[in-house]
Amino acid sequence: MLSLRSQISTTSSDAQRHTAAQSRSEPTFRKIGAGACGAVFGQDGKSIVIKLAKTDDELSLWNDYHKHTSIAEQFRKWEFKDVRIPECYYFVPKDDPHYFRQNPELAQAAREVCHLPTSALVTERILPLPKDTRIHLIEKYCAPRIKAAALGDEANKDCLVRVYLGSMQGKSGGMFFSLRNFKMHLNQIVDLQLDVTAMAGRMGIAMAIMHWAAKTDARDIEFVLGSSSSKATAQLSAQDIARLPGPVYTGPHSYVNEDFFSRITDLWVLDFNQVQPITMDEAGVAKAIEAAKVNDPYLPKPLGASQIEKQAWNTFASNYITAADAILGDEGDQNLMILPRMFIRGLIDLQERKK
Ligand SMILES: Nc1ncnc2c1ncn2[C@@H]1O[C@H](COP(=O)(O)OP(=O)(O)O)[C@@H](O)[C@H]1O
Ligand SMILES: [Mg+2]
């Protein structure tokens, strides 16, 4: 179920909540995630989320808006779809007189979490992983004595899985358990027989685009597994329809409208508020290395002892270089080609120093 682009039918309570919510007029806002910079709110049945700044620092969320848009543009330009990036819609400054007045339900939900008024960023929602997947994760990784609580915890419905290809330290049975930003380490990804090579390769290309096409350091970005919606029932072509005897039913077997779509698991990238521009030189590379060093261990690490660590690193590094070469080749300056190699070298040096 967690395999990339695996299809899952949407019979979970979550899908039902979404379907039910679509027929109601005003679904309520709920907090679905939070970090140091923002609290993120969503509505069941709606495809947007709103990130509200938790502090007075409006510029951080404005930077999120700018860098998210810039990186999304480069993903589009390079026709890169193997890591999904949420659509970045619009920004609301904290002194806007209308926004919270027009959205009283959002204001209501937000009041418990942040000081209003505050600035807001509206983006596409990454759908949570479906119920069967969530139950499986709880069964496998949650300590027995808190399993019942985990299964009943509403917050665990907002389940995105962080992909830590650079860590073999995944353990189960801890004191706390949350499926919100569940951290899945490489040893667990292997244990679940997920395609490590595909994930590592995709991360390599995504990093190359963020560094050399968007010209940013990708600081503090997150890679997560989440759901996307794809067509579950075939859409007939005009030719197919012409061959039919006349008006016949062509919808999903279940007769539930939403079942025309099913969910697939995708790798997504998000959270761009700390992303900084880099220069196309050695100083830019140093900034990118520093950013990779302080980030959570999403990226594969070099010099690992096991076969799988080596495989993840090699795929990451070779895809990174190939993608960077294609991007920088476009700039027509041969001197730039050394830069992505310096980044890879930098990650190896970091790891050597740790040994
Ligand atoms: N577009 C989205 N769709 C679904 N969940 C999201 C989305 N953006 C953020 N979240 C959730 O909210 C959390 C906090 O958002 P994030 O942008 O990481 O804020 P911060 O900058 O404070 O870390 C994320 O870790 C994720 O769980
Ligand atoms: Mg975050």
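Which residues is phenylalanine 75 in contact with, leaving aside its neighbours within four places in sequence? In this predicted model, the contacts of phenylalanine 75 are Phe80, Val83, Ile85, Ala206, Ile209, Met210 and Val269. Phe75 belongs to the largest nonpolar core, which has 74 residues. Phe75, Leu137, Met210 and Phe223 have the most contacts inside this core. Helix α8, residues 196-213, gives the most to the core, with 12 residues. In soluble globular proteins, nonpolar side chains tend to be buried together.

Helix α10 comprises 13 residues, 282-294. At 1.5 Å a residue, α10 should span 18 Å; its end C-alpha atoms are 19 Å apart, which agrees. The buried residues of α10 are Gly284, Val285, Ala288, Ile289 and Ala291. They lie on the same side of α10, because they cover an arc of only 160° around the axis. These buried residues pack against α8 and α12 (338-354). At the start of α10, the backbone nitrogen of alanine 283 lies within 3.2 Å of a side-chain oxygen of aspartate 281.

The magnesium ion (ligand 2) is coordinated by Glu222 (OE) and Asp271 (OD), at 2.1 Å. The pair links distant parts of the chain, 49 residues apart. Glutamate 222 is in strand β9 (residues 222-231). Aspartate 271 is in the loop between β10 (261-270) and α10. Glutamate 222 has a relative accessible area of 12% and is therefore buried, the cut-off being under 20%. Aspartate 271, at 16% relative accessibility, also counts as buried.

Key: Residues are numbered from 1 along each chain as its sequence is written. Chains are lettered from A and ligands numbered from 1 in the order in which they are written. This is a predicted model: local features need pLDDT of at least 70, side-chain atom pairs count only at pLDDT 80 or more; totals for chains, interfaces and linings use all residues. Side-chain values use heavy atoms; hydrogens and water are left out. A nonpolar core is a set of buried Ala, Val, Leu, Ile, Met, Phe, Trp, Tyr and Cys residues joined through side-chain atoms within 4.5 Å. Buried means under 20% relative accessible area, exposed over 50%, partly exposed in between (1.4 Å probe, protein chains only). Helices (H or I, at least four residues) and strands (E, at least two) are DSSP runs, numbered from the N terminus. Contact means heavy atoms within 4.5 Å. The expected span of a helix is 1.5 Å times one less than its number of residues. The arc is that of the directions from the helix axis to the C-beta atoms. A polar contact is a pair of N or O atoms within 3.5 Å; within protein, one must be able to donate a hydrogen and the other to accept it, and residues adjacent in sequence count only if both atoms are side-chain atoms. Donors are N, O and S atoms within 2.8 Å of the metal (3.2 Å for Na, K and Ca); water is not among the atoms, so sites may look incomplete.
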